[in-house]
Protein chains: 6
Amino acid sequence: MPTPSELVDAVQFLDRLASLPRTGWLLRGVTDPESIAEHTLGVAFVASMLVDDLRARGTAVDGEKVLRMALVHDAAEAFTGDIPMPAKTQELKSALGRAEETLLAGVLTEAQLALWRECEEGATIEARVIKAADKMQMVIKALTYVQQGRGSLDEFFRGPANRKHMDLDLAREVYEEIEKRR
Amino acid sequence: MPTPSELVDAVQFLDRLASLPRTGWLLRGVTDPESIAEHTLGVAFVASMLVDDLRARGTAVDGEKVLRMALVHDAAEAFTGDIPMPAKTQELKSALGRAEETLLAGVLTEAQLALWRECEEGATIEARVIKAADKMQMVIKALTYVQQGRGSLDEFFRGPANRKHMDLDLAREVYEEIEKRR
Amino acid sequence: MPTPSELVDAVQFLDRLASLPRTGWLLRGVTDPESIAEHTLGVAFVASMLVDDLRARGTAVDGEKVLRMALVHDAAEAFTGDIPMPAKTQELKSALGRAEETLLAGVLTEAQLALWRECEEGATIEARVIKAADKMQMVIKALTYVQQGRGSLDEFFRGPANRKHMDLDLAREVYEEIEKRR
Amino acid sequence: MPTPSELVDAVQFLDRLASLPRTGWLLRGVTDPESIAEHTLGVAFVASMLVDDLRARGTAVDGEKVLRMALVHDAAEAFTGDIPMPAKTQELKSALGRAEETLLAGVLTEAQLALWRECEEGATIEARVIKAADKMQMVIKALTYVQQGRGSLDEFFRGPANRKHMDLDLAREVYEEIEKRR
Amino acid sequence: MPTPSELVDAVQFLDRLASLPRTGWLLRGVTDPESIAEHTLGVAFVASMLVDDLRARGTAVDGEKVLRMALVHDAAEAFTGDIPMPAKTQELKSALGRAEETLLAGVLTEAQLALWRECEEGATIEARVIKAADKMQMVIKALTYVQQGRGSLDEFFRGPANRKHMDLDLAREVYEEIEKRR
Amino acid sequence: MPTPSELVDAVQFLDRLASLPRTGWLLRGVTDPESIAEHTLGVAFVASMLVDDLRARGTAVDGEKVLRMALVHDAAEAFTGDIPMPAKTQELKSALGRAEETLLAGVLTEAQLALWRECEEGATIEARVIKAADKMQMVIKALTYVQQGRGSLDEFFRGPANRKHMDLDLAREVYEEIEKRR
């Protein structure tokens, strides 16, 4: 049960994501691109639809957990900024993960931190939904930028690392849909 | 169960909120203020903490419903932009509500539209959580802008309409906390 | 005869239009689009050329009235922001008109308010010039954005509501010219 | 009587002022300041109120001419950008004036160019109204920025060159009003 | 040997270039274009590579002088803003040069001012390197904007004044390379 | 001796720093803060004045090397974005350094890479000049933002890590000067 002071601190902390642009778009010449906060909202929304789909296909998912996980999945970037994927070696990822966990421990509640850790590990169905939604939101946003004529994004669509579907059927189908549209 | 095509459409639709600034901040001289999407993320995060608090105090809340409601509570603004509260007469609110519902019916799933409608009506505990979170996020953001020296926000804090707590204890305590900090 | 204090208030009020972007462009992916104030200036300039044309064709127009009307024709948006046309039902337009008139009565002089009302009603030749100039400026700006490769504006040119000429010959000819250029 | 093609060219030309920021604000640390187009709109509005005042005091003014002059008074900056006043020596002003007149002759109608020239010369009552409105808009905007906490503008208010009133009573009274408010 | 106070003043002065956009890009519809400071950095970097090339071809160049000259070559624009080339008549250039020298004398050290003057005169090999680098950076930036789909830059590449190579072989070869790429 | 193609690639690569904001300012609420490129230019300029000072005090420095080092000292951020200092553990710094060196090897010339590496190691007088200039530019910029009323920077000035002077007398004196001014 958060105190009022903890709530204000946590909200101001997460809100820092509203000031931080997604670096990958900047590097491809997209001006005034989405913030990490805007990306996070999209991830939560995609995730909510993946949950609907999984349930319709007979897979049980903890929907509240998925949505709470979405909210904090990029919280560490409020400390580090958005470091583009191609720059991250395996060694760097490990070092980064450890540094981030320490930093987050100072600002998130224990329950929120546990969700962030579970998402990083990627083992549960809820974490896999977020991992898929994270990539799906990115590819849909790339489609939007292409349709609006903003930036040089061809190379982007070639990267297989940008199309992870984590064995979720709807995710795979969405990538096919996007290929059709651009 | 959404089709891939419906998912892409819905995500691109909601993502329009990332291009739309919150008008109230613009009118008070805050440059490059948060988008509606960034506000929406904050509302979802505040709401998740209100749910924790309500449960700790013994009130049952449907957490997944609250979070799904947060995601779509401002979806109609993707059609209308953000119309500042002081401009809205009761007659205008009614006309707006009817226009919005028709527009949203074309882009949201039935379940999402039902959540939006429930939120507008404000009767259930889940809707009351979102109504409170909506104001709380705004007042915390105002505090942030004041601390950063951006814009003329004194008048803002005087408006009682900006401090609705909907009988939620934590909401009321958070407003007291904010008064202490500024 | 305005007092110095009224003049400063009125100028600061109208200047709020410089902080408010035109929502229609934002929704079509145009980044950092023109403000309402920049649109207003363009409307006044187009209107001045329509007046020249009407006079050359033998129609009497009150040029000073046209230009004063241009300055205030979007003044109500300093309260409401720019609400996109497709969102406006007839019921919404009526409710909005009534709310706007009340709000403007608090900040404009009586003479300015009368001009705003006359423009809304659209009956006089001066009001028809502004209505035509309002659309012409928008379509010329769309052409500029297309030529600069900013945003997705094809759908925009298809909307007949965007090509009102109010029976003014030059307006109709300008739309033909624009079709040739894009 | 402008051809449709001339109208489109002229409107696109003047609209370049919407892309050009006022340099003086940039140099004082105001981020995302008004464009020249937004300034121009403010000048036209101030000028319309000076006309009301002059008439009320018994001075005849050609109101249509004043407003048309306002629209084009900074048109040359669409070629040169906004060069700050302190940088302009007398020699530079003369050279600039000659270069501007040649450039404008290629894009404005003869009547518009004549108004621009009359404004530069500053001899008629209509030109004096624009000169006063030009400074008044600037000082009122500075007041707005001060009230919003944007930029370092103290030095700005000390410059007597920023408070020209051209013997217009209302202009002088407005400066006094502004001094009271900041 | 600069005093601490002189150093802070000089750095704050040159840093004004970070607030001033390059006007030529604005006029061609490039939104949020590079600042003069960003251009200056690019000029310094190009110049360092021209020095390498000249030395490899057997021409002696004072590399430190070239780089110091690059840093201050556009310093005068901190007073005047960036005035686009097409607007500059010969008379205007002379008047501008004289005004700029007087203004810079108040903020640069004597050695820095001497470098700025030598660059303006364009006689030494170091000055010619900067003149070539100035154009090369601009044309490479135009290529970048074209590749990113920002603005209307075709006309830009047609202007021979934008391709000065000052008899430097590498400069000429770079223009050929750029023609190949776009 | 760079080929034309290598020069264009290298310049476009370094120019990515013009699209990347300095994360530390964003996190403190500074809107539209300087880019890494603008910071880099400031570092080069400060470094040139430190060289003057060292020479006047009798210390030999390779001025061309210092300036070339300044140009590339933050080049790796074109891959990673600007990661704020407080987020960097010692382990993260090592992992980052290794990843960056590999990435830079693909885009910089060998000589440029050697300078970047020498700067990272920080052993030579030239590298120490850049390290000091890096902090001095940052603190002077913070002073500028404070004077302009942008952001919450008090905490910033308290951090001793932000005032490294590397045993350079002028650096230490400049920090004293800045304390006097704010």
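Which helices do the buried residues of H4(B) pack against? In this predicted model, they pack against H3 and H4 of chain A. They also pack against helix H1 (4-15), helix H3 (36-56), helix H7 (110-121) and helix H8 (125-147) of chain B.

Helix H4 of chain B spans residues 63-72 and is mostly covered. Nine of its 10 residues are buried. These are Gly63(B), Glu64(B), Val66(B), Leu67(B), Arg68(B), Met69(B), Ala70(B), Leu71(B) and Val72(B). At the start of H4(B), Asp62(B) places a side-chain oxygen within 3.3 Å of the backbone nitrogen of Glu64(B).

Helix H4 of chain D, residues 63-72, is also mostly covered, with nine of its 10 residues buried. The buried residues of H4(D) are Gly63(D), Glu64(D), Val66(D), Leu67(D), Arg68(D), Met69(D), Ala70(D), Leu71(D) and Val72(D). Their cover includes helix H3 (36-56) and helix H4 (63-72) of chain C. From chain D itself, it includes helix H1 (4-14), helix H3 (36-56), helix H7 (110-121) and helix H8 (125-147). At the start of H4(D), a side-chain oxygen of Asp62(D) comes to within 3.3 Å of the backbone nitrogen of Glu64(D).

The interface of chains A and B was examined next. Chain A brings 50 residues to the contact, and chain B brings 50 residues. Together the two chains bury about 4700 Å². Carbon and sulfur atoms account for 69% of that area. On the side of chain A, Leu41(A), Phe45(A) and Met49(A) lose the most area to chain B. Together they make up 15% of what that side buries.

In one salt bridge, the side chains of Lys141(A) and Asp15(B) meet at 2.6 Å, N to O. Across the same interface, 18 residue pairs are in polar contact. On the side of chain A that touches chain B, two or more residues each come from helix H1 (4-15), helix H3 (36-56), helix H4 (63-72), helix H8 (125-147) and helix H10 (169-181) of chain A. H3(A) gives the most, with 14 residues. By class, this side of chain A has 26 nonpolar, 11 polar and 13 charged residues.

How are chain A and chain B related by rotation and shift? A rotation of 180° with 0.0 Å of shift along its axis superposes chain A on chain B, with an RMSD of 0.0 Å. The two copies are therefore related as by a two-fold rotation axis. In chain A, the C-alpha of Glu64(A) is the nearest to this axis, at 2.1 Å. Of the interface residues of chain A, 100% are also interface residues in chain B, so the copies meet through the same surface.

The contact between chain E and chain C takes seven residues from chain E and five residues from chain C. The buried area is about 390 Å², and carbon and sulfur atoms give 38% of it. Gly29(E), Thr31(E) and Ser152(E) lose the most area on the side of chain E, together 73% of what that side buries. Between these chains, the count of salt bridges is zero. The side of chain E that touches chain C has no nonpolar, five polar and two charged residues. Other chains do not meet. Chain B and chain E have no contact, and their closest C-alpha atoms lie 13 Å apart. Chain C and chain F do not touch either, with their nearest C-alpha atoms 13 Å apart.

Side chains of opposite charge can pair when their charged atoms come close. Over all chains, the whole structure holds 108 salt bridges. One of them joins Glu118(C) and Lys65(C), at 2.9 Å, N to O. Glu118(C) lies in helix H7 (residues 110-121) and Lys65(C) in helix H4 of chain C, so the pair ties together parts that are 53 residues apart in sequence. Glu118(C) counts as buried, at 16% relative accessibility. Lys65(C) counts as partly exposed, at 24%.

In chain D, Arg57(D) forms a salt bridge with Glu173(D), with the closest N and O atoms 3.4 Å apart. Arg57(D) lies in the loop between H3 and H4 and Glu173(D) in helix H10 (residues 169-181), so this pair links parts that are 116 residues apart in sequence. Asp169(D) and Arg172(D) also meet in a salt bridge, at 3.3 Å, N to O. Both lie in helix H10 of chain D, three residues apart, about one turn of the helix.

Methods:
Residues are numbered from 1 along each chain as its sequence is written. Chains are lettered from A and ligands numbered from 1 in the order in which they are written. This is a predicted model: local features need pLDDT of at least 70, side-chain atom pairs count only at pLDDT 80 or more; totals for chains, interfaces and linings use all residues. Side-chain values use heavy atoms; hydrogens and water are left out. Contact means heavy atoms within 4.5 Å. Buried area is the accessible area (1.4 Å probe) that two parts lose on being put together, summed over both. A salt bridge is a side-chain nitrogen of Lys or Arg within 4 Å of a carboxyl oxygen of Asp or Glu. A polar contact is a pair of N or O atoms within 3.5 Å; within protein, one must be able to donate a hydrogen and the other to accept it, and residues adjacent in sequence count only if both atoms are side-chain atoms. Helices (H or I, at least four residues) and strands (E, at least two) are DSSP runs, numbered from the N terminus. Ala, Val, Leu, Ile, Met, Phe, Trp, Tyr, Cys and Pro count as nonpolar, Asp, Glu, Lys and Arg as charged, and the others, Gly among them, as polar. Copies are superposed by least squares on the C-alpha atoms of residues with pLDDT of at least 70 in both. Buried means under 20% relative accessible area, exposed over 50%, partly exposed in between (1.4 Å probe, protein chains only).
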